[in-house]
Amino acid sequence: MLVSLHWFIFLLNLPVATWNIYRFIMVPSGNMGVFDPTEIHNRGQLKSHMKEAMVKLGFHLLCFFMYLYSMILALIND
């Protein structure tokens, strides 16, 4: 997005990318990944992980329709 100079889209996706990088870096050693199935159920973190997943789903759905609108607008203008 930076190479093609789409600044608005880059700035829109920057917080989510930063959050994903932060979550990946903060995984404790010994865990299988960010969402370790055994740790989610042992600590009762399922509710918070589901909330985070729903927020990300909403964001990606919003971005999908924005990109679709931009693509249709670009095709109509050509």
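So, the surface: this protein has an accessible surface of about 6600 Å², and carbon and sulfur atoms account for 74% of that. Keep in mind that what we're looking at is a predicted model. Of the 78 residues, 13% are buried.

Okay, the fold. As for contacts with a separation of 6 or more, 48% of them involve residues 24 or more positions apart.

Now look at helix 3, which runs over residues 46-77. That's 32 residues, spanning 46 Å from the first C-alpha to the last, and that is close to the 46 Å you'd expect at 1.5 Å a residue. The buried residues in this helix are His 49, Glu 52, Phe 59 and Cys 63.

Which residues are linked with Glu 52 in a network of salt bridges? They're Arg 23 and Lys 56. The structure holds two salt bridges, so let's take each in turn.

Between Arg 23 and Glu 52, the closest N and O atoms are 3.8 Å apart. Arg 23 sits in helix 1, residues 7-25, while Glu 52 is in helix 3, so this pair ties together parts that are 29 residues apart in sequence. Both Arg 23 and Glu 52 are buried.

Then there's Glu 52 with Lys 56, at 3.4 Å, N to O. These two are four residues apart in helix 3, so about one helical turn separates them.

Glu 52 has 15% relative accessibility, so it counts as buried. Lys 56 has 22%, so Lys 56 counts as partly exposed.

How values were computed. Residues numbered from 1 in each chain as written. Predicted model: local features only at pLDDT ≥ 70, side-chain atom pairs only at ≥ 80, totals over all residues. Heavy atoms only, no water. Buried < 20%, exposed > 50% of the residue type's maximum accessible area, 1.4 Å probe, protein only. Contact = heavy atoms within 4.5 Å. Areas by Shrake-Rupley, 256 points an atom, 1.4 Å probe, with all protein chains shown as cover. Expected span 1.5 Å × (residues − 1). Salt bridge = Lys/Arg side-chain N within 4 Å of Asp/Glu carboxyl O.
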